[in-house]
Amino acid sequence: MRRLIALLALVASNIAWSQESGDFLAPSPCVTGTQLAAHTLADKYQQGIFTLYYTTIGDDALSDTSRRSSHVPPLRILDIARQLQAAQQFYVKDLQLRSPLSQPIFQRAQQISVFILDLKGNGRAFDKVAHETFANGEQTPCGLKIMLSNRLDPKNNPTPAHELFHLYQYGYALFKQRWYLEGMAKWMETVFKPDESVSVAMTAPVNCTAWYSQSYNAAILWQGLAQHYPNISVPTGTITYSNRQPVFKKMLFSGGAMASSLLTALSQQSLRLTQHYHRPMRNWSEKQQHRPQDNDTICRVLNQLLVKR
């Protein structure tokens, strides 16, 4: 009888833990966005999970509106869509990552909305599920959001793939330390750039402290540490831009297998933190996601993985 009671208590505990874990990963609500309220992007193009919003008139007009036919979108839009689609396939199929729209926290997102407009810088990615309303009153479905500059030419700029990878990082973990976010996304760019150098392998364990103040330059760290992991073949030649140049510029992604291992480990650590603080992942503020002490948290997770290699 005592054994039965103990067994029932254990089952109840496991069920409670499962429900609690589910609560900590509860979907983010679809909020009302305000960033597009002064813009009207009247044209759109859908490719897979991506919907691209753009215009050919006004301040937000594409810098290059050339097209092969009046019945198809501008070549610039088609090329942005091709890079995004190629990156999405590579991240999911080859790197074995979980797509942002498949993550529990982003369950209410119906699409990845890509807004192409007059923007300072090349691009931005956001971690909130939102629907936007344009100046003309038109609304978008609930989705994750990427903004890209209307001057960006994807044939020689991997910003679309870079920003898309941020959505992967947001879906896996709550951390927003720039040496991790920007450095790792910059490392991802190597397969889209022919002249990107590959670092020499760094010894493990690594002292990350000097990298905490870095941003894009931290790609050197991630490239170096990736040398402890297997390479990943890149599907070169399968997807090309409008000028017939391949989207991918490398045949191998050096140490690419690190991406899945690290993001999975950071996801597990994020869940532990949400349980420790009794705060669902969707309720962490920007300030909390940038906590200085989590620099050490990321480094510790990274070294735990490296010592197992």
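**View 1. Lys-145 within strand S6.** Lys-145 lies in strand S6, which spans residues 143-149; strands (E, at least two residues) and helices (H or I, at least four) are DSSP runs numbered from the N terminus. The model is predicted, and local features need pLDDT of at least 70, side-chain atom pairs count only at pLDDT 80 or more, while totals for chains, interfaces and linings use all residues. Residues are numbered from 1 along each chain as its sequence is written, and side-chain values use heavy atoms, with hydrogens and water left out.

**View 2. The surroundings of Lys-145.** With a relative accessible area of 7%, Lys-145 is buried (under 20% relative accessible area, 1.4 Å probe, protein chains only). Its side chain makes polar contacts with the side chains of Gln-35, at 2.4 Å, and Glu-132, at 2.6 Å; such a contact is a pair of N or O atoms within 3.5 Å, where one must be able to donate a hydrogen and the other to accept it, and residues adjacent in sequence count only if both atoms are side-chain atoms. Beyond its neighbours within four places in sequence, Lys-145 is in contact with residues including Leu-36, Ser-113, Phe-126 and Leu-167 (heavy atoms within 4.5 Å).

**View 3. The sheet that holds S6.** Six strands form an open sheet with mixed pairing, in the order S1-S5-S6-S4-S3-S2, where two strands pair if DSSP finds at least two bridges between them. Strands S1 (31-32) and S2 (43-47) stand at the edges, and each has a single partner strand, so one side of each lacks a neighbour in the sheet. S1 pairs with S5 (residues 123-131) in the parallel sense over 2 bridges, and Thr-32 stands opposite His-131 in S5.

How values were computed. Buried means under 20% relative accessible area, exposed over 50%, partly exposed in between (1.4 Å probe, protein chains only).
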